[in-house]
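Subject: Structure for you to look at

Hi,

Please have it open as you read.

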Amino acid sequence: MQGVEDLVALPGTVRARHPEQTWEALAGHLPYYGITRVADLTGLDVIGLPVWTAIRPASQTLSASQGKGATHLLAKLSAVMEAIELWHVEQPLPITAHGPAAEVAPGCPVGALPMTVAYPGHILALVVWDWTSGTTLVGGQQVLLPVDLVRRRAQRPEWSPDLLRATSTGLACGNHRDEALLHGLFEVVERDVLLREGQAGGQRCTLIDPSTVDDPHGREVADRLRAAGMAVEVALVDGPYGLPVCAAYLWSEDYPVVFAGGGCHSDPAIALTRALSEAAQSRLTAIAGTRDDLPSDAAHISTASFRPARTKGLAAWPEATACFAPPAGGFADQVRAVAGRVQHVTGHEPVALDLSAPGSPVSAVQVVCPGTRSRIRRAMSR
């Protein structure tokens, strides 16, 4: 069993290496991934939470990737890791089979995969696709998945049907494979829970009083946002996985658009700081205006505005999070535990596609969880 000795606790995150070690391993490889520039965006906003960007001019997906963190080095690494994730997903995957699921992969739950349009499973089983090999995260079995789950529309052959929706949900990089897998699983859970919450009309949210947060870093982030004039709302979102999922919303007079962020982690404090820092990053990304897919109309990234933030009927953070048990074991143990939770909810075992390039200093994976969903719109419901 993998022990906890591979866990490095950092403000707002847990990694397998100290950030200085990760940067030392990555810095010389940035040109290989097409990264020509890494820049600090923090000073463009009044909040002061570190946000960086990594630029890949020849990208086939997004040329500007953003990252956030408790320190400038963590934010810089976050931006670079996101850019490297996208580089990996642009590389061709090995095609191990070609044909319909009914013949090539009869065990593949094609009807539970993310689709552009809903089709009956018995029809999808007859569609011809390219297939690649993945590994299940509970039993460790080799299975086949359609390449189009990863391959972007512009990269597909002309004959390929435009049925599968390739997203970045579950795409992750890490210092090693298990770190990347855990990050990918948390992202899948977060987005599925937040979509369920939106469809439930906010009935699964517990609004939290930010002043009751007892984690030092989480309290610091919330205090910094309020000190910068932000109206801040934080919610703990109930989901079927038994994992902490948080949502955060920011609004201010100087930029009257609601910016939202989500976070999931086995540690509730990390889920909270991820949600808060992602909301701050979204605001700064809009201010910088450099991201390729950023709409020019702010209405596309905003939910209904609020002023002031709600202050009545809020739950205390310690009581709201008391039901969550601390994570046990190292990265591999937590991967198996979270994958088991996902399988219990969806009835399908999560699968990992290994995207790592030979000799890469980091591991890249795409975690595919049939039966889960993520939102299509940029805006998070509130």
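Cys 323 is exposed, with a relative accessible area of 62%. Bear in mind that this is a predicted model. The cysteine sulfur closest to that of Cys 323 belongs to Cys 246, 11 Å away. A disulfide needs two sulfurs within 2.5 Å, so the distance of 11 Å is too far for a bond.

Is Cys 246 buried or exposed? Cys 246 is buried, at 0% relative accessible area.

How many disulfides are there? The count is zero. Cys 246 is in no disulfide either, and its nearest cysteine sulfur, in Cys 264, is 8.9 Å away.

Now the sheet. Four strands form an open sheet in the order β10-β11-β12-β13. The pairing is antiparallel. At the edges are β10 (205-208) and β13 (259-264), each pairing on one side only. From one strand to the next, the twist averages 25°.

Strand β10 pairs with β11 (residues 231-237) over four bridges, in the antiparallel sense. Within this pair, Cys 205 stands opposite Val 237 of β11.

Then there is a helix. Helix α7 covers residues 268-288. Helix α7 lies across β11, β12 (245-251) and β13. Its direction is at about 150° to β13.

Then go to Cys 246, which is buried.

Best wishes

Notes. Residues numbered from 1 in each chain as written. Predicted model: local features only at pLDDT ≥ 70, side-chain atom pairs only at ≥ 80, totals over all residues. Heavy atoms only, no water. Buried < 20%, exposed > 50% of the residue type's maximum accessible area, 1.4 Å probe, protein only. Pairing = 2+ DSSP bridges. Helix = DSSP H or I, 4+ residues; strand = E, 2+ residues; numbered from the N terminus. Axes fitted to C-alpha atoms, helices over the stretch in contact; angles between N-to-C directions. Contact = heavy atoms within 4.5 Å.
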